[in-house]
Amino acid sequence: MVEKFMLLSNGVKIPSIGFGTYKSGNDEETAKIVKNALNLGYKMIDTASFYNNEVGIGKGIKESGIDRKDIFLVTKLWNDDHGYDNTIEAFNKSLNNLQVDYIDLYLIHWPNKLNAETWRAFEYLYEVGKIKAIGVCNFKIEHLEELKKTAKIMPMVNQVEIHPFSTKNNIINYCKDNNVKVVAWSPISRGRVLSNELMIDLSQKYKKSIVQIVLRWHMQKGVIPIPKSSNENRIKENIDIFDFEISSEDMKSIDSLDEGDDMSVTTPPLNTIYEEVR
């Protein structure tokens, strides 16, 4: 049974599926897509300062007419903005761009050599109520263990690339053991799942689209997917995944497509510590 919300370690409710906005277009296009997604039932909107679309996101939220308290808004700190003071400044800029008073979840976009100092600023913003929850993206177990040494508050979320070709079971299990919720970016591997024979067969078996099967697979693993689309029918279809269940046998079949943790649709950007933490 998959619920529509999960509880973070601090008791804050996070939706079980979110709406991704990477490469969402200009401010007008972004506003239209976000307004559509919210009116079709999405409760979580995921953005980042790096996407350069926070202004459009804020506009879409306002135009949707949906109460701010009913929207779970996520944004991220970019690599160039690490360090205590820089983080506070970047956060305030995001707040201003989004035209909101608080952020539901603020994330470090990629691990950086200044993680500990940056995290101190995250903890401060959380403690003064500017952020409802704090977390990280793309952190491996080593990065989380390193952060543990200095953090007063552990990340509530780790957003990582997860799809059938990179299942990341080790990080999922580690996060589960440490009460960190896992969010999946690129859940359909930039469309690669669409041509996979197993996925085509399962789509026919369950009478659901391939994307619906993959998103349901994430949710049954306790992972929160954030699919993105600008097509209204697909936006609607992607959230319509609460009325069926994938059998444990088929879950294992999807898991068997895994090509390892390092299989990725992208390469880490500059200023990232993506080697083993020593």
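Figure 1. D27 touches N52, V55 and G56 when residues up to four places away in sequence are not counted, a contact being heavy atoms within 4.5 Å. The view is of a predicted model, in which local features need pLDDT of at least 70 and side-chain atom pairs count only at pLDDT 80 or more, while totals for chains, interfaces and linings use all residues. Residues are numbered from 1 along each chain as its sequence is written, and side-chain values use heavy atoms, with hydrogens and water left out. D27 is found in helix 1 (residues 27-39); helices (H or I, at least four residues) and strands (E, at least two) are DSSP runs numbered from the N terminus. With a relative accessibility of 31%, D27 counts as partly exposed, where buried means under 20% relative accessible area, exposed over 50% and partly exposed in between, for a 1.4 Å probe and protein chains only. From C-alpha to C-alpha, D27 and S94 are 15 Å apart in space, and 67 residues separate them in sequence.

**Figure 2. The ring pair of F50 and W78.** The ring centres of F50 and W78 lie 3.9 Å apart with their planes at 15 degrees, so the pair is stacked. Rings of Phe, Tyr and Trp (its six-membered ring) are paired here if their centres lie within 6.5 Å, and planes under 30 degrees apart count as stacked, over 60 as edge-to-face and the rest as tilted. The pair links distant parts of the chain, 28 residues apart, since F50 sits in the loop between strand 4 (44-46) and helix 2 (54-64) and W78 in the loop between strand 5 (72-77) and helix 3 (84-98). F50 is partly exposed, at a relative accessible area of 37%, whereas W78 counts as buried at 13% relative accessibility.

Figure 3. Y106 and F122 form a stacked aromatic pair, 4.7 Å from centre to centre and with 15 degrees between the planes. Y106 lies in strand 6 (residues 103-108) and F122 in helix 4 (residues 115-127), so the pair ties together parts that are 16 residues apart in sequence. Y106 is buried, with a relative accessible area of 0%, and F122 likewise counts as buried at 0% relative accessibility. One aromatic cluster is formed by F91, Y106, W119 and F122, and the structure holds seven aromatic pairs.

Figure 4. E232 lies in helix 9 (residues 232-239) and, at 43% relative accessibility, counts as partly exposed. When its neighbours within four places in sequence are left aside, E232 is in contact with N36 and L40. E232 and I33 are 199 residues apart in sequence, yet their C-alpha atoms are 8.1 Å apart in space.

**Figure 5. Setting of the close-up views in the protein.** The protein has ten helices and ten strands. Its radius of gyration, 18 Å, is close to the 19 Å that the globule rule gives for 278 residues, so the protein is as compact as a globular protein of that length; the radius is taken over C-alpha atoms, and the rule is 2.2 Å times the number of residues to the power 0.38. Buried residues make up 53% of the 278 residues. Of the contacts with a separation of 6 or more, 75% are between residues 24 or more positions apart.
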